[in-house]
Amino acid sequence: MSPPAVLVADGAISPHAPPTAAAFLEFTPGAYTTARASSTGALLWWPRHLLRLADSARLLAHSHPHLLGLPVPPPRTLSTDSIETLVNQSVRVGVHEMRRRMLAPRECCSGDDMALTALVRASGANDGLEVCIHLGVYVPPVFGDAGARLAVAGSGREAAAAKYAPWVRMRKSLEKTRPPGATELLLTNDGDHILEGSITNFFVVCLKEEHQSNEPFSVQTVTNRFEVQTAPLSDGYAMILGSLYVRSHRHGPSVKIGKKPSLQVA
């Protein structure tokens, strides 16, 4: 028996068996985000995911309407509040139905977490937007005991500040360049500076020293702190870590790595 899955469109549950989340995203325009939900229905980091989704939809509508399914930019800016309201309505329906199916007799995943994919695309209703929610059983990624094996390949994404469904189809061509044994591809425009992973975030944790002088005694103190550095938006990087670390970290310069065909992270 296949694991249960649910597809909701504008609050209505699809009566048909949904495809995988990746297959669904591959053949549609729109802004999307993915999140993890516990078996009780609690969504992890959901306010941040929801804000990222709304920001992506507004950015695409204004500067890259074709990626949202629009022929031209809309006459007015999309409302963040209206997007969040529409998405939450369908999320509640989808999570409730997914939990019901997971708790059904003879199901083996009653205690498992859920993987949620929320998509916003152009439509003729609901302020010109349609919301689709896909839910399935969460399957943790497996990189093995040796860690992830990374290869540097591919250029930065168009509209990198947004997360959009057509990228799922675009990155398929990158997969053909994946060396044997590599588990992730890192995007780069020039071979020297890392932007982001094709399906993951790439960042470097740096130990920074700060020298401070206490007047009037002129006592020098050294403070160590950790800093998460990612490539800047100007280089074509999606600012997802910035929203998660905005209170205690900042965006640093692009990460310089030298021209190596691959690297391994333990």
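In which helix do Arg 101 and Glu 97 both lie, and how many residues apart are they? Both lie in helix H3, four residues apart, about one turn of the helix. The model shown is predicted: local features need pLDDT of at least 70, side-chain atom pairs count only at pLDDT 80 or more, and totals for chains, interfaces and linings use all residues. Residues are numbered from 1 along each chain as its sequence is written, and side-chain values use heavy atoms, with hydrogens and water left out.

View A. Arg 101 forms a salt bridge with Glu 97, and their closest N and O atoms are 2.7 Å apart. A salt bridge is a side-chain nitrogen of Lys or Arg within 4 Å of a carboxyl oxygen of Asp or Glu. Arg 101 is partly exposed, with a relative accessible area of 25%, whereas Glu 97 is buried at 10%. Buried means under 20% relative accessible area, exposed over 50%, and partly exposed in between (1.4 Å probe, protein chains only). Helices (H or I, at least four residues) and strands (E, at least two) are DSSP runs, numbered from the N terminus.

**View B. The salt bridge between Glu 26 and Lys 172.** The side chains of Glu 26 and Lys 172 meet in a salt bridge, 3.0 Å from N to O. Glu 26 belongs to helix H1 (residues 21–26) and Lys 172 to helix H4 (residues 166–175), so the pair ties together parts that are 146 residues apart in sequence. Glu 26 counts as buried at 13% relative accessibility, and Lys 172 as partly exposed at 47%. A search of the whole structure finds eight salt bridges.

**View C. Strand S3 and its partner S4.** Five of the seven residues of strand S3 (residues 31–37) are buried, so this strand is largely enclosed by the rest of the structure. S3 pairs with strand S4 (residues 114–122) in the antiparallel sense over seven bridges; two strands pair if DSSP finds at least two bridges between them. Ala 115 in S4 is the bridge partner of Arg 36. Arg 36 counts as partly exposed, at 34% relative accessibility. The side chains of Arg 36 and Asp 113 meet in a salt bridge of 2.9 Å, N to O. This pair links distant parts of the chain, 77 residues apart, with Arg 36 in strand S3 and Asp 113 in the loop between helix H3 (80–102) and S4.

View D. Ser 198 is placed in the loop between strand S8 (193–197) and strand S9 (204–214). At 3% relative accessibility, Ser 198 counts as buried. Leaving aside neighbours within four places in sequence, Ser 198 is in contact (heavy atoms within 4.5 Å) with Trp 167, Arg 171, Glu 175, Glu 184 and Leu 185.

**View E. The largest nonpolar core.** This core has 43 residues, and those with the most contacts inside it are Val 87 and Ile 133. Among the elements that each supply at least two residues of this core are S3, helix H2 (46–63), H3, S4 and strand S5 (129–137). A nonpolar core is a set of buried Ala, Val, Leu, Ile, Met, Phe, Trp, Tyr and Cys residues joined through side-chain atoms within 4.5 Å.
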